[in-house]
Amino acid sequence: MLAAFCLLVLILGLLFWSGKEADRIARHRDRALVALVLSQMVDRVGHAQESSTVWDDAVLQVRRRPLDMGWIDQNLGIWFQNYAGIDEIYILDPQNRPVYAMRDGRRAKPEAFIAVEGVADRLVAALRKSGKPVGRGQSDVAMLSAGRADFGIVRGRPALVSVKPIVSDSGRIPQKPGTEALHVAVEYLDAEFFGRIGSQFGLADAHYAIAPDTLRGQRSVGMQDHQGHTIGYLHWRPFAPGSQVIAALAPVLLVVLLLTGALVYLLASRLARRTHDLEDSRRHAQHRATHDELTGLGNRSMFEQRLDEALARARRHKTLLALLYIDLDRFKQVNDTLGHPAGDALIRQVARRLLAEVRIYDFVARVGGDEFAIIVGEPENRHAVERICARIVAEVERPFDLAGSQAFIGASIGVALAPLHGLDRTELTRKADIALYRAKTEGRSRYRFFTPDLDVDVQAREETYRDLRQALADCDRQLALHYQPIYTLETGHMVGVEALLRWYHPEHGLMPPADLVRSAEESGLIEVLGDWVLHRAVQDARAWPTLRVAVNVSPLQLRSRKFVDTVRQVLASGAITADRLEVELTETALMAAPDEVGHCLAALRGLGVACALDDFGTGYSSLSHIRDFAVDRVKIDRSFVNAIDTKAGAALVEAIVNLARANGLRLTAEGVEKPEQQAFLRRVGCHEVQGFLLSKPIPADSITQLLQDDVDHDAGPGAAALGL
Ligand code: C2E
Ligand code: MG
Ligand code: MG
């Protein structure tokens, strides 16, 4: 577009240039033309005179005395006025005396010649002196006789004066050169004269002026007599073809130019705006790519970049560097109870408090939902870092004001130091993360520096995760469910089983389920594991249509909405009816996330699935509290059953049983190992029992066998043990 505009400007420039050039050439032509015109005017008068002055009759007539005025009027005087528009004619005798005069078409007194003498005398003298025919003009048409002509001022007016001898055309009348009668013609350079010239030679507005007129774009040429006096100027309006073309085209071109200019401007400004917008959005995108929108802090990618840079500096200058990994404690609860906007506000406030605790050149980033990282560059020593950590822990412990309510959270911090713990980003962040994990497991709201022994723990843990993944990939070979029978104290019959996970580790042998479950929870594999347990237990339960099957579930499973869907699917498969399925959830798990878990339990109950509160008594909940939840059964923890031997223990168990029964809950006692315990439990009204006294957890086949024996003997080993 710009190129088109430039081209247009170039064309315009060219047009103007060629126009001016055409004008210049036209001016030259005009000058040459005017010179020619003037000389032709002179010649014209001379030629006109010759039509009568080169004539035998005329020679004879002007010799006659008295003159035949009538003839002279007709042929040498007035006739010229009519024939050639000559203004005045004089005839001079050989002594240069005027003998005839004609002015303005009328015969006049010869004395009138006085007015012409001033100009004519010079010409007459020159003519007489030369005595031979000389043409003044440069015209191609040769003159028949000698003559003299010149411009001059006559009667105060510019005039052309031409003098011709009256000579014989046949040559038969001899005349001595210089003695001929002379014919003087005067033509005034008046408007009529110039009008004639103008129309004849195409000179517009031709006229005479005493002075050169440069106004109004006129051109002029000075008219000089033979003595070099300027007698005036011939003016005309120059022929300017270029200017005419330009004048004709200019408006059109101007409009085109303006339009193109406007278009170019429009496109250019749009392009500029686009470029500007693009640059803007690029900057925005870059900012978004490196910053956390909520807090304005750097994000993970920027953190990594900054850490690399800081580590490079630390390596070069052999300086210290501390990396702090911070995780907020109880943030999730605040988010869940006060809502996301409050959670966002909390994160923003935390970011502000963190920034306030570090120096301006330390770098704070938000690297996850409630995770922050701080790079402390060149701290004085370890103590300085400890002080920062302590301040941060204290700051985050202070209450936060969130939309009218106060929130209490905490910060756990893991610290790794460079070069002590490594000079590589991955290494350092891994170690800070390990230290953070330890700070969290040690009780939160504290900081922990990395130590090599943590690494050993982590490695062991990671090994377990790896093994667990393998076990899950190969479930049916490494994992199994054992079932511990549950008996009713009323009849002594087996009424249910509890599914308990067993892991046959290829190297370490049988692994306790509690560790396995914790590892699965930590490594995010608990859902997969839980699903497997649920499916396996339901499959196995097909063989025992009279039994209830209890499955232990992790609180993490219950927090995910998927769990209810999975249970629904399992029930839909038809392997088991809902009333035969029971989920066991520990009391502590219920208390950790009462809302989420409560919802899930309600949904399960909606499906017809019962819920048992496992390990009851080890947590800190009260029975009245439990009432609020959709719980059907309480399982008295083994430790209480164990304490039945003591008076206080027995009283406690009795109290639990009474309270639970009063609240309409079913009761199962776990870990019953002694007949006395069982007897006591029956006496106080506990519904069911489970423990090594009756049966250890055993493989599914063994349960089938037990049931068979039960049928065969009407009452199985359980009944015997129960003393029924
Ligand atoms: P729990 O649900 O309370 O299971 C009862 C535990 O007590 C079992 O240990 C069982 O073997 C043991 N036990 C039963 N009777 C006696 C007894 O008379 N004396 C003694 N000393 N112990 C007895 P186990 O199988 O090692 O399971 C430990 C815990 O692991 C379980 O406690 C349960 O919380 C968890 N667990 C087991 N399987 C699973 C599972 O599939 N999923 C989940 N999430 N947790 C499971
Ligand atoms: Mg259990
Ligand atoms: Mg238990």
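1. The model is predicted. On that basis, β18 (494-505), α15 (513-523) and β22 each supply at least two residues of the shell around ligand 1. β18 gives the most, with four residues.

2. The shell around ligand 1 counts 23 residues. Q484, E498, D614, E673 and F692 are the closest. By class, the shell splits into 10 nonpolar, five polar and eight charged residues.

3. Polar contacts to ligand 1 come next. The side chain of Q484 places an N or O atom 2.9 Å from a nitrogen atom of the ligand. For N552, a side-chain N or O atom is 2.9 Å from an oxygen atom of ligand 1. D614 has a polar side-chain atom 2.7 Å from an oxygen atom of ligand 1. The protein buries 82% of the 790 Å² that ligand 1 exposes when taken alone.

4. Now the metals. Four residues coordinate the magnesium ion (ligand 2): E498 (OE), N552 (OD1), E584 (OE) and D614 (OD), at 1.9 to 2.3 Å. Their sequence spacing reads E-x53-N-x31-E-x29-D. N552 sits in strand β20 (residues 548-552) and D614 in strand β22 (residues 610-616), so this pair, 62 residues apart, links distant parts of the chain.

5. D614 also bridges the magnesium ion (ligand 2) and the magnesium ion (ligand 3). The two ions lie 4.2 Å apart.

6. N552, at 26%, is partly exposed.

Methods:
Residues numbered from 1 in each chain as written. Chains lettered and ligands numbered in written order. Predicted model: local features only at pLDDT ≥ 70, side-chain atom pairs only at ≥ 80, totals over all residues. Heavy atoms only, no water. Donors = N, O, S within 2.8 Å, 3.2 Å for Na, K, Ca; no water. Buried < 20%, exposed > 50% of the residue type's maximum accessible area, 1.4 Å probe, protein only. Near = heavy atom within 4 Å. Polar contact = N/O pair within 3.5 Å; in protein donor to acceptor, adjacent residues only side chain to side chain. Areas by Shrake-Rupley, 256 points an atom, 1.4 Å probe, with all protein chains shown as cover. Nonpolar A, V, L, I, M, F, W, Y, C, P; charged D, E, K, R; others polar.
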